[in-house]
Amino acid sequence: MNKRQFLMASAAATLATPFVQTAWAQQDASVGPSGPTASPFDVTGRIRGYRVDSVRNHSINTYFIGGSEGTVAIDTLWRIPEAEEALNAFPALTGRATSEISAILITHMHSDHYGGLETYRAAASGAPAFSTDVVRRVIQNDEHGFYANRIEDFGSDIPSEIPVPEVGLEHAQTFESGGVELDVSVLRANEALETALLYAPEERVLFSADLVNNKTTPVFYQGELDSWLNQLKKLRSLFPDAQVIAPGHGPAGDFDTLVADQIAYLETFRSLVEAELEVGDGAILEDGVSRIKSTIVDAFPDWRTSAGVPSRDRLIELNIGWTLQGWRLSGQSSSNPRQFREN
Ligand SMILES: [Zn+2]
């Protein structure tokens with residue numbers, strides 16, 4: 001499938017599968033839209049994606065790239081059931097056995113991307129899992145406290161031991177496994193403390209992790225809105241030949257469209273927060289929070305929640321708090337991971 005065919009196919013798929021509201025979402029619009037049910041999808045050529053719709057309105061992607069001597073898996077979903085679902089679909093999706101997975105790559109340290117790692121490693125006959133050094137360190141030490149929180153939430157649906165990748169992704173290096181080559185670019189201070197972007201030059205596909213998602217409410221937990229925006233604006237110059245983005249959340253799509261959408265959301269959010277700071281003379285009033293929520297939801301109506309926060313409205317409230325903290329306008333600590341599960 002060439003780029004034009006791909007775009008037409010994704011446009012047709014979007015038209016064919018309008019957002020369906022769950023019963024819960026119909027009762028409460030603040031939850032936001034629910035996407036289509038879990039499904040495999042073709043990215044391009046030898047790249048296959050699998051989207052899992054999980055608890056709390058959460059949609060997450062995993063990817064498989066078929067090489068001449070193995071398959072590279074990118075990200076492993078957030079719990080054992082989701083990982084099992086994707087791995088059960090793997091043979092039909094790739095025409096291979098999961099034992100042919102030769103390497104597992106983890107793009108960043110958020111548990112919705114590495115929670116299923118142990119399940120993947122077992123299905124792949126112990127294939128190695130790799131991340132950057134910083135991502136490995138943060139996961140191993142549970143520096144955000146995400147993992148402890150997930151165990152509280154999900155019990156035995158999460159491995160009791162933190163699954164830790166080894167160091168194998170480095171900035172400006174090419175990662176090679178099973179006949180698959182991926183160019184690695186590491187960017188810091190964006191959606192995550194650190195994000196490894198993986199680029200497949202032959203297919204012109206960028207695996208963007210959560211730096212660029214598709215119709216998914218971004219998470220400003222790091223308080224790095226400005227740095228993240230700057231990186232998005234430079235992304236085209238870093239990947240001059242890229243055509244397709246395979247995101248962490250939401251369907252794959254045209255590189256420039258998805259980057260422009262992500263920039264538009266971040267810029268709209270930033271200007272709304274700045275305007276409300278003017279109104280509130282340096283603080284955001286309660287009315288201001290409501291205005292920001294309703295304006296951003298009107299501007300981006302079909303964007304789903306993410307980060308395990310059940311309601312889109314709640315995630316936007318958290319985003320306001322994290323942004324103010326990032327700008328040193330609020331001394332309140334609002335980084336307890338328990339907040340992620342509040343409705
Ligand atoms: Zn994510």
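His249 lies in the loop between β12 (244-247) and β13 (253-254), where helices (H or I, at least four residues) and strands (E, at least two) are DSSP runs numbered from the N terminus. The model is predicted, so that local features need pLDDT of at least 70 and side-chain atom pairs count only at pLDDT 80 or more, whereas totals for chains, interfaces and linings use all residues. Residues are numbered from 1 along each chain as its sequence is written, and side-chain values use heavy atoms, with hydrogens and water left out.

At 2% relative accessibility, His249 counts as buried, a term that denotes under 20% relative accessible area, with exposed over 50% and partly exposed in between (1.4 Å probe, protein chains only). Leaving aside neighbours within four places in sequence, the contacts of His249 include His58, Asp112, His113, Asp210 and Asn213; contact requires heavy atoms within 4.5 Å.

His249 also takes part in a metal site. The zinc ion has as protein donors Asp112 (OD), His113 (NE2), Asp210 (OD) and His249 (NE2), at 2.1 to 2.4 Å. Donors are N, O and S atoms within 2.8 Å of the metal (3.2 Å for Na, K and Ca), and sites may look incomplete because water is not among the atoms. The angles among the 4 donor atoms run from 88 to 159°, and the site is irregular. In sequence, the donor residues follow the spacing D-H-x96-D-x38-H. Asp112 lies in helix α4 (residues 111-114) and Asp210 in the loop between β11 (205-209) and α8, so this pair ties together parts that are 98 residues apart in sequence. Both Asp112 and Asp210 are buried.

The 14 residues of α8 should span 20 Å at 1.5 Å a residue, and the 19 Å between its end C-alpha atoms agrees; the expected span is 1.5 Å times one less than the number of residues. At Leu232, α8 bends by about 30°, the bend being the angle between axes fitted to the seven residues ending there and the seven starting there. Among the buried residues of α8 are Trp228 and Leu232, and the buried residues pack against β9 (180-188), β10 (194-200), β11, α9 and α11.

Helix α11 (residues 312-326) has buried residues that pack in turn against α8 (225-238), α9 (255-279) and α10 (286-299). Just after α11, Arg328 takes a positive phi of about 60°.

Methods:
Four donors count as tetrahedral if all angles lie between 85 and 135 degrees; four count as square planar and six as octahedral if opposite donors are over 155 degrees apart and all others between 65 and 115; anything else is irregular.
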